[in-house]
Amino acid sequence: MPPVKTLRTLDELADAGLIAPGRLPALEAVAARYAVAVTPGMAELIDAEDAADPIAAQFLPREEELVQGPLERADPIGDEAHSPVHGVVHRYPDRVLLKLTHTCAVYCRFCFRREMVGPEGHGNMSPDQLDAAMAYIAARPDIWEVIVTGGDPLVLSPRRLRETMDRLAAIPHVKIVRFHTRIPVVTPEAVTDALVAALRAPGKTTWVALHANHPREMTAAARAACARLVDGGVAMVSQTVLLKGVNDDPETLGALMRAFVETRIKPYYLHHMDLAPGTGHLRTSIAEGQTVMRAMRGAFSGLCQPTYILDIPDGHGKVPIGPGYLGDGVVEDPAGRSRAYPPE
Ligand SMILES: *Cc1c(COP(=O)(O)O)cnc(C)c1O
Ligand code: SF4
């Protein structure tokens with residue numbers, strides 16, 4: 001029987017058969033430090049018999065999370081340094097992050113904001129904080145895009161989202177509103193017609209960036225939720241975190257990208273994993289990531305190619321990290337052979 005509500009404690013995970021009771025004492029310190037939540041949909045996808053299950057690896061707490069690598073830090077991409085008012089991160093001239101909430105439907109074990117999200121995290125923006133954020137955006141005509149993130153903004157009610165969209169709609173220089181979310185995959189039933197309508201506003205273009213990491217997450221229900229968004233006039237892109245043992249091979253990653261494209265979602269970013277604390281067991285090297293990306297090129301449609309991205313620590317921004325194909329007088333073809341360029 002799949003669980004009917006979100007599992008939030010170790011005991012609930014054990015009762016659902018997802019964690020062996022003998023492991024509970026060792027996991028108490030993990031659950032005390034980092035938030036836990038597994039939605040019914042994701043719990044149902046986990047194969048508890050498979051120690052390497054790629055869905056379990058994303059959501060079930062593990063002892064390894066207590067190991068903090070020497071380079072890992074609480075604010076891995078330096079958001080704090082670029083936060084002019086509470087809930088706003090302004091690192092690039094034409095776009096800002098607006099962090100409406102620090103709550104999520106699930107808590108991913110590799111989250112780069114894991115020190116800020118959860119029931120004991122930074123919470124929701126207060127009305128005063130939202131006023132200050134809107135005033136900041138309204139006063140800066142260079143802000144062309146507002147990226148609503150968190151946490152997961154789609155945990156908020158359609159009414160709250162509608163209010164936010166109405167306020168952004170009143171700012172003429174904001175043309176694009178982009179929501180970053182995992183909801184269509186982890187709680188697809190929450191993507192109602194009312195929610196889709198709440199994300200749209202006259203004169204603004206709405207994009208949704210869907211976070212998913214394994215092709216099994218793209219269930220029939222998830223695909224139907226995305227179809228409601230796209231049919232409702234929302235454009236969609238994907239973002240995926242490269243995770244060791246979850247999606248760090250070309251077959252799995254290619255199947256995920258195909259599932260996105262079949263669902264009218266353009267693959268956007270493949271993130272190299274940030275240096276969040278206690279995530280070393282899920283991190284690949286950049287060289288391994290480039291090997292996967294190289295194998296994807298040629299084997300999968302050009303529509304299925306995401307950009308492999310590193311968010312440079314300390315707030316220096318995101319850059320593509322290859323692989324590169326161009327050398328001095330040579331270029332590598334999709335099969336890995338060198339070709340002279342310009343041709344001889
Ligand atoms: C990731 C990020 C963005 C969005 O970057 P894109 O490359 O446009 O997807 C914007 N602002 C901040 C602070 C970010 O961290
Ligand atoms: S849904 Fe996003 S913000 Fe929330 S825990 Fe997962 S990665 Fe972090």
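I started at R62, which is partly exposed at a relative accessible area of 29%. My scale for that: buried is under 20% relative accessible area, exposed is over 50%, and partly exposed is in between (1.4 Å probe, protein chains only). This is a predicted model, so I kept local features to pLDDT of at least 70 and side-chain atom pairs to pLDDT 80 or more, while totals for chains, interfaces and linings use all residues. Residues count from 1 along each chain as its sequence is written, chains are lettered from A and ligands numbered from 1 in the order written, and side-chain values use heavy atoms, with hydrogens and water left out.

**Salt bridges**

R62 pairs with E64 in a salt bridge, with the closest N and O atoms 3.0 Å apart. I use the term for a side-chain nitrogen of Lys or Arg within 4 Å of a carboxyl oxygen of Asp or Glu. E64 is also partly exposed, at 29%.

Next I looked up E65, which makes a salt bridge with R109 at 3.0 Å, N to O. This one joins distant parts of the chain, 44 residues apart: E65 sits in the loop between α4 (56–59) and β1 (88–92), and R109 in the loop between β2 (95–99) and α5 (127–138). Helices (H or I, at least four residues) and strands (E, at least two) are DSSP runs, numbered from the N terminus. Is E65 buried or exposed? E65 is buried, with a relative accessible area of 0%. R109 counts as buried too, at 1%.

I also noted K5 with E12, a salt bridge whose closest N and O atoms are 3.1 Å apart. E12 is partly exposed at 23%.

How many salt bridges does the structure hold? I have 25 written down. A network of them links D79, R91, K99, R113, D311 and K318.

**Ligand 1**

R91 and K318 turned up again here. Which residues are around ligand 1? My list reads V89, R91, Y92, R95, L97, I147, R178, Y268, Y269 and K318, each with a heavy atom within 4 Å of the ligand.

For polar contacts I took pairs of N or O atoms within 3.5 Å; within protein, one must be able to donate a hydrogen and the other to accept it, and residues adjacent in sequence count only if both atoms are side-chain atoms. An N or O atom in the R91 side chain is 2.8 Å from an oxygen atom of ligand 1. For the side chain of Y268, the distance to a ligand oxygen is 2.7 Å. Y269 has a polar side-chain atom 2.6 Å from an oxygen of ligand 1. Protein covers 91% of the 390 Å² of accessible area that the ligand has on its own. Those areas come from the Shrake-Rupley method with a 1.4 Å probe; for residues, only the protein chains shown count as cover.

**Nonpolar cores**

I define a nonpolar core as a set of buried Ala, Val, Leu, Ile, Met, Phe, Trp, Tyr and Cys residues joined through side-chain atoms within 4.5 Å. The largest has 86 residues, and V38, M42, V146, F179, M218 and M236 have the most contacts inside it. Another core, of six residues, lies apart from it and includes A37, C104, C111 and V117.

I followed M236 up. Not counting residues up to four places away in sequence, M236 touches W207, V208, L210, C226, L229, V230, R264, I265 and K266; contact here means heavy atoms within 4.5 Å.

Most residues other than glycine have a negative phi, and most peptide bonds are trans. R264 has a positive phi of about 65° although it is not a glycine. R264 is in the loop between α10 and β7 (266–271) and is partly exposed at 45%. D314 has a positive phi as well, near 70°, and belongs to the loop between β8 (307–312) and β9.

Where did I find cis peptide bonds? One runs from G150 to G151, with omega near 10°; G151 is in the loop between β3 (145–149) and α6 (158–169). Another goes from G322 to P323, with omega near 5°, and P323 lies in the loop between β9 and β10 (330–332).

**T252**

Last entry: T252 is in helix α10 (residues 250–262) and counts as buried at 16%. Its side chain makes a polar contact with that of D249 at 2.8 Å. Beyond four places in sequence, T252 is in contact with H214, P215, V246 and N247.
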